[in-house]
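Open your viewer and get ready to click along. At each stop you will find something to select and a short note on what to look for there.

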Amino acid sequence: MADQNRTITLNNGVTMPILGFGVFQVADDQAEQVVTDALAAGYRAIDTAASYGNEEAVGRAIAKSGIPREELFITTKMWIQHTGEDTARREFDKSLQRLGLDYLDLYLIHQPLGDYYSSWHAMQKIYGEGLAKAIGVSNFYPDRLVDLITHNDIVPAVNQIETHPFFHRADYQQLMSEHGVQIESWGPFAEGKNDLFTNPVLAEIGRAHGKSVAQVVLRWLLQRDVVAIPKSVRPERMAENLDVFDFEITEDEMIRIGALDTGASLFFDHRDPAMVTWLGGRRVD
Ligand SMILES: NC(=O)c1ccc[n+]([C@@H]2O[C@H](COP(=O)([O-])OP(=O)(O)OC[C@H]3O[C@@H](n4cnc5c(N)ncnc54)[C@H](OP(=O)(O)O)[C@@H]3O)[C@@H](O)[C@H]2O)c1
C-alpha cells in the first residue's frame, strides 16, 4: 500500500489525504471504537460534523491514539441552525472543544442554507487566526458556490458533495477546479443505494483486477482526483477500503463507469422547498 498516505494540495497550499474516513450515522457510543479501529487501519483523515453527534467520541479516539496531531487531518462541519457570524464562531469553539483539539484542519459549512454568508465571514476570521488550516463548504450547487466566491475574500478550499458512480459531478468538478475548489465525495458508495455493491459493471471491473466493488469505486474516485471519505464500522472493510493503491482502472473501464452516471442525486435535492424546510428545521442540540 505504497501510496496509502497520498495527499492532494488545496488552494492555500495545505495538503489533505485523498482517502479518509467518514463517521456519518455512527452512533456516539460506537464512534470511539470505530475511529480507534480506523486510525489503527491507517486512516489519517477523519470527517465528522456537529450534526453527527459524535465529535466527543471522535475526539476521545484521537487523544487515545497517540498519533501526533500534525499527522492527522480532522474535518468537522457547522450545522444550519448555527449559521450567523457570532453563532458560527461560538459553534466552532464548541466543536473544537468537543473534539479536544486546538485547531481543525478543515471546517465546512454543512449546507447552503440559513445565514451562511455571515458564517463565512466568521470562518474567514477563524482561518486568519490559524484555528482552521482550511475552510470550505458542503452541498453547494454551482450557483451558490460561485456566488459565495464572488462576494468574499477567501475561496473555499473544498466543496464536499454527493459523488459516486451514479452521480459523477464531472462538469461541476471542472468548474470547481477552475475556481480552485477541491471536490470531495460524500457517499462514495451511495450508501449502497441502487444495489451499488452488486452492480454488474463495477463487479466485472473488480474481477478483472482481483478487487471488490468498493475498491473499484474508490480507485475510480482517486483516479479522478476526487477526495473520498468512505464509512464503515467494520475493521475488515476499513482495511479493504484503504487497499486501493496497487491497481489502475483502465481508460476503457473509466468509460464504462462513466455510463453509469444518472446526473441526479440519489438522496435529496437542495432546491426542493420541502427538503429546505426539513433541513432548516432540524435541531442538533
Ligand atoms: N456533507 C454531507 O452532507 C454528507 C452527507 C453524507 C455523508 N457525508 C460524509 O461522507 C461519509 C461517507 O458517506 P456515507 O457514510 O453517507 O456513505 P458511504 O460511505 O457511501 O457508504 C457507507 C455504507 O457502505 C457500507 N460499506 C462500507 N465499506 C464497504 C465495503 N467495502 N463493502 C461493502 N459495504 C461497505 C457501510 O456499511 P458498514 O458500516 O456496515 O461497513 C455503510 O452501510 C460520511 O460518513 C460522512 O463523513 C457527508
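**Stop 1: around the ligand**

Start with helix α9 (residues 235-242), which supplies the largest share of the shell around the ligand, three residues. Helices here are DSSP runs of H or I with at least four residues, strands are runs of E with at least two, and both are numbered from the N terminus. Before you go on, note that this is a predicted model: local features need pLDDT of at least 70, side-chain atom pairs count only at pLDDT 80 or more, and totals for chains, interfaces and linings use all residues. Residues are numbered from 1 along each chain as its sequence is written.

Now select the ligand. Which residues are the closest to the ligand? They are Gly22, Trp186, Ala214, Lys231 and Ser232, out of 27 residues that surround the ligand (a residue is near if its C-beta atom, placed from the backbone, lies within 6 Å). By class, this shell has eleven nonpolar, ten polar and six charged residues. Ala, Val, Leu, Ile, Met, Phe, Trp, Tyr, Cys and Pro count as nonpolar, Asp, Glu, Lys and Arg as charged, and the others, Gly among them, as polar.

**Stop 2**

Axes are lines fitted to C-alpha atoms, for helices over the stretch in contact, and angles run from 0 to 180 degrees between N-to-C directions. Show Asp37, Ala38 and Ala41 of α1 with Pro235, Met238, Ala239 and Leu242 of α9, which make the contact (C-beta atoms, placed from the backbone, within 7 Å). By class, that contact has six nonpolar, no polar and one charged residues.

**Stop 3: the sheet**

Next, colour the strands. An open sheet of eight strands runs in the order β3-β4-β5-β6-β7-β8-β9-β10, with parallel pairing (strands pair if DSSP finds at least two bridges between them). The edge strands, β3 (21-22) and β10 (227-228), each pair on one side only. Zoom in on β7 (residues 132-138) and β8 (residues 158-162), which are joined by two bridges. Val137 has Asn159 in β8 as its bridge partner.

**Stop 4: one more helix pair**

Finally, select α3 (residues 85-99) and α4 (residues 116-128), whose axes come within 7 Å and cross at roughly 50°. α3 and α4 are therefore oblique to each other. Among the residues that meet here are Phe92 in α3 and Ile126 in α4.

Notes
Angles under 35 degrees count as roughly parallel, over 145 as roughly antiparallel, 65 to 115 as roughly perpendicular and the rest as oblique. Two residues are in contact if their C-beta atoms, placed from the backbone, lie within 7 Å.
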